[in-house]
Amino acid sequence: MSVSENNHVNAVSVQNVYKAFGRRPESIVKKLKEGATREELKSQGMAAVIDASFEVPQGEIFVVMGLSGSGKSTLIRTLNGIQPATSGTVEIFGQDITKVNSRRLRSIRREKIAMVFQHFALMPHRTVGQNAAYSLEVRGMNRSDREKKATEALNLVGLRGYGGQRPDQLSGGMRQRVGLARALAAETDLMLMDEAFSALDPLIRKEMQDQLLELQQDLGKTIVFITHDLNEAMRLGSRIAMMRDGKIVQIGTTEQILNDPANDYVAQFIQDVDRTRVLTAGEIQEPPVALLGSEQGPRAAHRLMRENQTSSLCVVNQSRVLQGVVYEHDIAEGVAAGKETLSGLIKPMPATHEDTYLAELMTAASEHAAGLAVIDESGKLLGVIPRVTLLNAMADPTPTSSVQTIYQEVAQ
Amino acid sequence: MIRAAETDGMGIPRVEVGEWIETGFNWARSNLGEAFTLMRNGLETLTEDWLETLLTWPDALVLSVIFALIAWLVRDWKLAVLTLVLMVSIIAMDQWDNAMATLALVLVATGVALVIAIPVGVLAAKSDRVSGAVRPIMDLMQTMPALVWLVPVVTLFSIGVPAGVVATLIFCLPPGVRFTELGIRGVDREVVEAGHAFGSTPGQILFRIQLPLAVKTIMAGVNQVIMLALSMAVIAGFVGAGGLGGEVARAIGSLDIALGFEAGLSVVVLAIYLDRVTAAVGDGSGVLTKLLRRSKPAPEQAQPKEQAEQQATAARDI
């Protein structure tokens, strides 16, 4: 298969997957399909995953989010067949792993799928380096090659020089780095991460999340990430699947879930989310109403403002690089003074990048009436965030009774 | 023929369990006689001709020093000194040859027991069904009064060392199986899952993950096997296994208190030595482990933790 063809295949494609535990899982699944609920079947066994379907395109971080007992850990284990699905299909890069024999399944696991575990699952009798090299050893790679690759992976996660230590000599955060290095050393395109950062303390967790995002950007891996922490889900996920009682209740981007929760359960969940630390400038930016070329004069600016009913304009040069902002009263003075150019009239404008969280924009927004500009690395203007937009984005879409709208006609 | 039991069994018929078992043993003797003869000869050669000869070939003092060296390798010089004192005390009681005969019997019984017990334990850990089937057999072997085994063993193997070995084997096998099963079942589930997740074969999982991680528990089992073998080896003296057990049997027969205690104390001494050494092998605290670890390729220079955390942070910031 050629590379270009390969890119059209989803990394993961899950169709109607059920997973039940008990003496007769098939009969539990059959009853579920006939409409029985999880509660009704409790006496016969446990319906861990009920009718899950989703697709993960290559290069995406797909987060499955749910509380404990929601079936998310079982779901991720159906993806590499550690817990084979009772019914349904699981395709990994187009290959249905529910229909292959155990030998083939092992080779798919070796070549395509790596996994990171909640409690690290390192082998205490092996050194850090031997742990990182485990997947390569299983594949039968010779010692010097696998040691080299393991060392590279350890360097990548910031554990240079730790290869000879034992896992029990490391702190929790460092152990999980070893877990991550072990998964990276396997050089698989798909990585499954089961509550990988949940056992770490908050500071280390944030550090690991940042590191993961960076690694993903550099290496372009597809990641399926399980978590019970919505903030983590929203920080990491390109898309998020919300799970409850074995079912996926909603799949969507951070924005979709925040602004359009599928049901009360999801709505309840997102209530506590600090939107300012989840939403980014890129997600809420708007196209600017009008742009003023830096070579134009105050008259043109005045006309543009009048046409667009605005009191400020972003100024850009010919290659759309942001120069600053002009305000109505300055322009009015400029016109009155008969100025031909904008020199002296342009005021500084706060600018930020697309991936900045809203929390970091507050101070700048409060100081500048024109709001903020969003620019790319070369300084080109991508969009603007007026103050009202910022306020709106932070607001919970669910109506509240603590604010009344008062309107009284004044008697003539 | 079925007749009513003589107790107040309310008409429950007398079941001749004992007779059935005896018939079973008799059948085995007359039909599998050659197999038992073969086993008998094998055990005899192994125990008496090889191990016992080997253990009695060097001078008692030389061997004592060798035992002390082993103790030093697996633990430390303190255990080595203790070993030397213990061994010399056996020589002083003039029980050295008997002690070596018993040691040979214990080692053979233990070796055979482990060859059987560890694979069975592994199977029992893998399958609940095997585990369920094996457990009552283990109970039977372990709780049946030890002397009861002696009679059928003698009928199959006749008087002598092999009978002693087999009787000992029956008694000391169960903890080997139990501890192996326990050890393997006790391996962190997530670690085994990790093995599967990276595509390990069942053999790789067993030999690279489960057995190495269960080794402490298995060694505790080995320790138990040896201790039980030693206690049974004395009883085996009654079926002509010789050694310290033979002395004890002789002392009982002739009401010889002095001989009884000298042989008995020698057993205690052997027990202490074997217990300490196997326990030390189990926790891997000895000089030998350190030497083995040192001989591996030297680990790269490791920095203190804080420095590495900083490095990790720096790596992220780049």
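1. Some ground rules. Buried means under 20% relative accessible area, exposed means over 50%, and partly exposed is what falls in between, with a 1.4 Å probe and protein chains only. This is a predicted model, where local features need pLDDT of at least 70 and side-chain atom pairs count only at pLDDT 80 or more, while totals for chains, interfaces and linings use all residues. Residues are numbered from 1 along each chain as its sequence is written, chains are lettered from A and ligands numbered from 1 in the order in which they are written, and side-chain values use heavy atoms, with hydrogens and water left out.

2. N16(A) has phi near 45°, a positive value in a residue other than glycine. N16(A) sits in strand 1 of chain A and, at 38% relative accessibility, counts as partly exposed. F93(A) also has a positive phi, near 50°, and is not a glycine either. F93(A) belongs to the loop between strand 4 and strand 5 (95–96) of chain A, and its 12% relative accessibility makes it buried. Strands here are DSSP runs (E, at least two residues) and helices are H or I runs of at least four, numbered from the N terminus.

3. V14(A) is bridged to V90(A) in strand 4 and to F54(A) in strand 2. Pairing requires at least two DSSP bridges between the strands.

4. Now the open sheet of chain A: 6 strands in the order 6-7-8-3-9-10, with mixed pairing. Strand 6 (113–116) and strand 10 (247–252) are the edges, each pairing on one side only. Neighbouring strands are turned by 20° on average, direction ignored; axes are lines fitted to C-alpha atoms, for helices over the stretch in contact, and angles run from 0 to 180 degrees between N-to-C directions. Strand 3 (residues 61–65) and strand 9 (residues 239–244) of chain A run parallel over 4 bridges, with M65(A) bridged to M242(A).

5. What packs on this sheet? Helix 9 (residues 202–219) of chain A does, touching strand 3, strand 7 and strand 8 (222–227) and making about 160° with strand 8. Helix 8 (residues 172–185) of chain A lies across strand 6 and strand 7 (190–194), at about 175° to strand 6. Contact means heavy atoms within 4.5 Å.

6. The largest nonpolar core has 183 residues, and V12(A), L180(A), M193(A) and V224(A) have the most contacts inside it. Such a core is a set of buried Ala, Val, Leu, Ile, Met, Phe, Trp, Tyr and Cys residues joined through side-chain atoms within 4.5 Å. Its largest share, 16 residues, comes from helix 10 (residues 202–235) of chain B. Beyond four places in sequence, L180(A) touches residues including V116(A), M193(A) and L212(A).

7. Chain A is assigned domain 1 (57–89 + 97–279) and domain 2 (283–394), with bounds from an automatic or database assignment. Their centres, over C-alpha atoms, are 42 Å apart, and each domain puts 8 residues into the contact.

8. For chain B, an unreviewed UniProt entry lists "transmembrane region" at several spans, among them 54–74 and 79–96. Residues 54–74 of chain B are 86% helix and 0% strand, with end C-alpha atoms 22 Å apart.

How values were computed:
UniProt positions renumbered as here; feature names shortened; annotations may be inferred.
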